[in-house]
Amino acid sequence: MDLEKDSKKVAVITGASSGIGKACAFRFADEGYSVALVARRSEELSAVAREIEAKGGKASVFPGDLTDEKQIEDIVNNIVTTLGGIDVLVNAAGVIANGTIENTSIEDWDRLMNINLRAPFYMLRCAAPHLIAGKGSVVNVSSVNGQRAFPNVLAYCVSKAGVDHLTRCAALELAGQGVRVNAVNPGVVRTNLHLNSGMTDEEYRQFLERSVTTHPLGRVGEPEEIAELIFFLASDKASWITGETILIDGGRGQTCAR
Ligand SMILES: NC(=O)c1ccc[n+]([C@@H]2O[C@H](COP(=O)([O-])OP(=O)(O)OC[C@H]3O[C@@H](n4cnc5c(N)ncnc54)[C@H](OP(=O)(O)O)[C@@H]3O)[C@@H](O)[C@H]2O)c1
């Protein structure tokens, strides 16, 4: 089965209004997938869809808040009714927030767990029968923070560690039915993630400047670099890879304090 260049294949991409999810939408559409774009902001999703269609691609918009399980059920049902199935699921929607073990509020803990971990779980659960029907694949967008501990982003780190284990458990359970489940674990990537967490433009500038030294390859990543790995993992080129959580972080995960 050749997943690439097959216009009948459907790729569902959450977080498609911005950053890594948006880059994935373009990458999969470029390869002939019909892409289902999911996030809360429908105007942003429509703008992405228009851009894809202007280049001859196929995109549909399914707006919704993934912290609401009823909306997840409706989104998956609407996608299957409209597009006929689900071959690839990319769980890219996510948020970050500062906080330590001493000052993380229960509200922030719940908010991060809900969007970063509960939503990918329930998207995958609802999409599973459709992925099984087409022997499809899933890529979860985790983080280097899922594999390494960083200070002052406690709930984020724990949510992404959960995503990594969700990936392994689901991979094991779905392998017998021909569905692969993998995750990517990026280092710092230039997107709206940190600005949306309340960082000012100046704080973000300084954060990116510091990231040059915290990433051994000497720069932050671009969304298109992450989309390339996600596309590879979803495609038949990765047909014997499942349950993997792959660092794509300019070497950040290899560093230790000394
Ligand atoms: N950027 C980095 O440095 C970095 C590093 C490692 C991992 N990651 C991970 O990469 C993923 C994508 O983040 P990004 O960096 O591309 O950030 P981004 O530009 O802020 O994109 C986040 C996306 O998530 C969507 N989203 C947030 N809350 C949502 C909700 N309740 N329901 C539906 N969609 C929601 C946003 O869309 P709406 O606002 O329209 O809903 C947006 O499309 C995240 O899981 C993040 O943790 C990022």
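## The shell around the ligand

The residues that form the shell around the ligand divide into 14 nonpolar, 14 polar and 4 charged. Here Ala, Val, Leu, Ile, Met, Phe, Trp, Tyr, Cys and Pro count as nonpolar, Asp, Glu, Lys and Arg as charged, and the others, Gly among them, as polar. The ligand is surrounded by 32 residues, where being near it takes a heavy atom within 4 Å. The closest are S17, S18, R40, Y156 and T191.

Three helices, α1 (19–30), α5 (154–175) and α6 (193–196), each give the shell at least two residues. With 3 residues, α6 supplies the largest share. Helices (H or I, at least four residues) and strands (E, at least two) are DSSP runs, numbered from the N terminus.

## How the model was read

Keep in mind that this is a predicted model: local features need pLDDT of at least 70, side-chain atom pairs count only at pLDDT 80 or more, and totals for chains, interfaces and linings use all residues. Residues are numbered from 1 along each chain as its sequence is written, and side-chain values use heavy atoms, with hydrogens and water left out.

## Polar atoms at the ligand

Look for an N or O atom in the side chain of R41: an oxygen atom of the ligand is 2.8 Å away from it. A polar backbone atom of L66 is 3.0 Å from a nitrogen atom of the ligand, and a polar backbone atom of N192 is 3.2 Å from an oxygen atom of the ligand. The ligand taken alone exposes 880 Å², and the protein buries 96% of that; such areas come from the Shrake-Rupley method with a 1.4 Å probe, and for residues only the protein chains shown count as cover.

## A buried asparagine

Is N185 buried or exposed? N185 is buried, at a relative accessible area of 0%; buried means under 20%, exposed over 50%, and partly exposed in between (1.4 Å probe, protein chains only). You will find N185 in strand β6 (residues 180–186).

Notes. Polar contact = N/O pair within 3.5 Å; in protein donor to acceptor, adjacent residues only side chain to side chain.
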